[in-house]
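Biologist: I am new to this structure. Please take me through its disulfide in detail. Where does the link sit, and what surrounds it in the chain as a whole?

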Amino acid sequence: MEIIEKSQQRLILRSRPWGVWLAGLIFCVGAAVPIWFAARYELVCRHEVRVIDSRCRWVRSGATGVQITQIPLNRLQGVGIIEQWRSSRGRRYRVYQVHLQTTAGSIAFGEFTRDRQNREAVAERIRRFLQQPQHPPLTLVEDNHWWGFLILAVGWGLGLTLIFIGAKVLVLVFDKSAGVVSLQYSSLLRTEKKTFPWHDLKDVVVQLSCGKKGRVSARLALELQNGQVIPLRFYYSSDVRGTQALQATIRAFRDRS
């Protein structure tokens, strides 16, 4: 919080919500990241009269471009499921992905998922096609774009809400000559103002909060004569000393005759 004006009769402070703006920006940018990894997979396999002409066409399309691989069936050795361990919030779980085994290496079909039954079903359909030369053409499609766009919509919704509505510039005015104390909160979309008489102000207090790791954070609040306490922000700051110094500045102005 910065001092805009300081005199015998007026003290004006302004606080810009840099942290909230940054959080909103992080939500918007971070939500766009999954779009780069979301992809659409397509596998089309056909048995032809001549074995040498039988092949599978593997296609992966995403934000980074389109990859196409032609796989002759005589080079397709089989299909398997790759298993990996992942962890989230201290809990471990398994994820599965279908892989086509070829003479040139392994090719992934689809993303990793916890749904093992789904991956087993996909692998079984490919196996049946490979084992039956008279099997009709096989077409498999897996489109993962939807979850990328879902995360994008949610992230942008939260991020833009923080930037345009949640992030508010606070202008705090202590005016002895006018006998008022006012708080003005201005976002990009609207402005709110609260005003009360100077003699209703009892004190300026520092509210402390202790996090899970023992870290202490603070925020300023106005205490009124009727016992009501008005926090200046809904969030706390890690700058405890700066908050306490600001409290001392306001108290010094209040007590100055």
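Modeller: Here is the link, followed by the chain that holds it. This is a predicted model: local features need pLDDT of at least 70, side-chain atom pairs count only at pLDDT 80 or more, and totals for chains use all residues. Residues are numbered from 1 along each chain as its sequence is written, and side-chain values use heavy atoms, without hydrogens and water.

The structure holds one disulfide (a pair of cysteine sulfur atoms within 2.5 Å). Cys 45 is joined to Cys 56, with S to S at 2.0 Å. The link of Cys 45 and Cys 56 is right-handed, with 115 degrees about the S-S bond. Cys 45 lies in strand S3 (residues 39-46) and Cys 56 in strand S4 (residues 55-62), so the pair ties together parts 11 residues apart in sequence. Strands here are DSSP runs of E, at least two residues, and helices are runs of H or I, at least four, numbered from the N terminus.

Cys 45 counts as buried, at 1% relative accessibility. Cys 56 counts as buried too, at 2%. Buried means under 20% relative accessible area, exposed over 50%, partly exposed in between (1.4 Å probe, protein chains only). Cys 28 is buried at 9%, whereas Cys 210 is exposed at 56%.

Now the whole chain. Its secondary structure comes to four helices and 15 strands. Of its 257 residues, 36% count as buried. The C-alpha trace spans about 100 × 35 × 30 Å along its principal axes.
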